[in-house]
Amino acid sequence: MEHADFLKKMETYMGKDNPPSDFDEFWNKQISSLPESIPYEIKPRHFGMENTDFFDLYFRGTNNGTVHAKCIFPHHQKNVPVVFYFHGYMGQAPDWTSFLKYIPLGVGVVAMDVRGQQGESVDNGIYKGNTVLGHIIRGAVEGKDHLFYKDIYLDVYSLIEVVADMERVDNSHLYTWGGSQGGALSLIGAALNHRIRRCATQYPFLSDFKYVLEMGDMGLPYDELFRYFKFYDPFHKTEAKLLKTLSYIDVKNFAHLIRCPVLMFTGLEDKVCFPATQYAIYNRIETEKKHILLPEYEHEAMFYYVDSTAFNWLLGTNFPEGPNE
């Protein structure tokens, strides 16, 4: 990519379309429909580590889904800050040991399994386990109230509410972090639940669907949009209607709702979550924000300096962010 010309165009790029006029009303209604107090079950895990408490958290999500999250906390510590970590598309919450680096800092981690993907969350109480691909367009033919990701977004909101009310948690220090789908959900958490104080996001997914269609099918994970037209509507007669419905889960349309500082990482060679779709989110964020560009990176695992930078920004640590630091 010739970055200079592209970046100049991106300075003001806001995406191919705007939120529907009833976008805020729709999501306010969804949030208000949730129970005031969300029942949950928490089960301890024992891995023989005296300084760390491990728990499986379960609660009932919307549309009869069951949501699972891994919870890792410093042993018997009170007023614990929490990082909500969200995983990528088709994946699951990482292994328990992935989060042990947080424990010496006195920080807890909660990592949700997105329902219908590889973890323990259950999609709609009917399909246990993996129901991908097709999550973007699932329910779209029936309309905005039936969108699968609508329920995922409400799971994120509810998860934050559940954890914020736990006795050991300092609910004035809650943060979100993730990449790709996880980057999208990190932003959704900050947009829908203003208990979140900082949000770090890496190449966020689920943005600017019209731009994606114009770019063409580059393979996973957006190819389900193209399969919809190829096998259901080859003449694109429903394109406008479909895009209007998907606009209710388009992450760029949530950006104006975010109230906390945001840190975004974008690989400029990303052919999965195109950089323009990420700029469409970033340029709509109205609060304090910082965009870090990585010219050589595609949609891939990034060097550990990226994680260190996010970690430092979220938690005020001072890990090296480059050589000789």
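Which element supplies the largest share of the lining of the largest pocket? In this predicted model, that share comes from H9, which contributes 5 residues. Helix H9 spans residues 304–315 and is joined in the lining by strand E4 (80–86) and strand E8 (169–179), each of the three supplying at least two residues. In total, 24 residues line the largest pocket, and those nearest its centre are Tyr 85, Trp 177, Gly 179, Gln 202 and Asp 307. By class, the lining comprises 15 nonpolar, 6 polar and 3 charged residues. The volume of the largest pocket is about 360 Å³.

The second largest pocket has a volume of about 200 Å³. Its lining is formed by 13 residues, with Asn 63, Arg 138, His 146, Phe 148 and Asp 151 closest to the centre. Helix H3, covering residues 148–164, provides the largest share of this lining, namely 3 residues. The lining of the second largest pocket divides into 3 nonpolar, 4 polar and 6 charged residues.

The cysteines were also examined. A disulfide is a covalent bond between the sulfur atoms of two cysteines. With a cut-off of 2.5 Å between sulfur atoms, the model contains 0 disulfides. Cys 199 takes part in none, as the nearest cysteine sulfur, belonging to Cys 260, lies 5.6 Å away. Cys 199 counts as buried because its relative accessibility is 0%. Cys 273 is likewise in no disulfide, and the cysteine sulfur nearest to it, that of Cys 199, is 15 Å away. Cys 273 has a relative accessibility of 0% and therefore counts as buried.

How values were computed: Residues numbered from 1 in each chain as written. Predicted model: local features only at pLDDT ≥ 70, side-chain atom pairs only at ≥ 80, totals over all residues. Heavy atoms only, no water. Buried < 20%, exposed > 50% of the residue type's maximum accessible area, 1.4 Å probe, protein only. 1 Å grid on protein atoms, 1.4 Å probe; cavity = no way out; pocket = protein on both sides within 12 Å on 5 of 7 lines; lining within 4 Å. Points joined across faces, edges and corners; volume = space filled by probe spheres on them. Helix = DSSP H or I, 4+ residues; strand = E, 2+ residues; numbered from the N terminus. Nonpolar A, V, L, I, M, F, W, Y, C, P; charged D, E, K, R; others polar.
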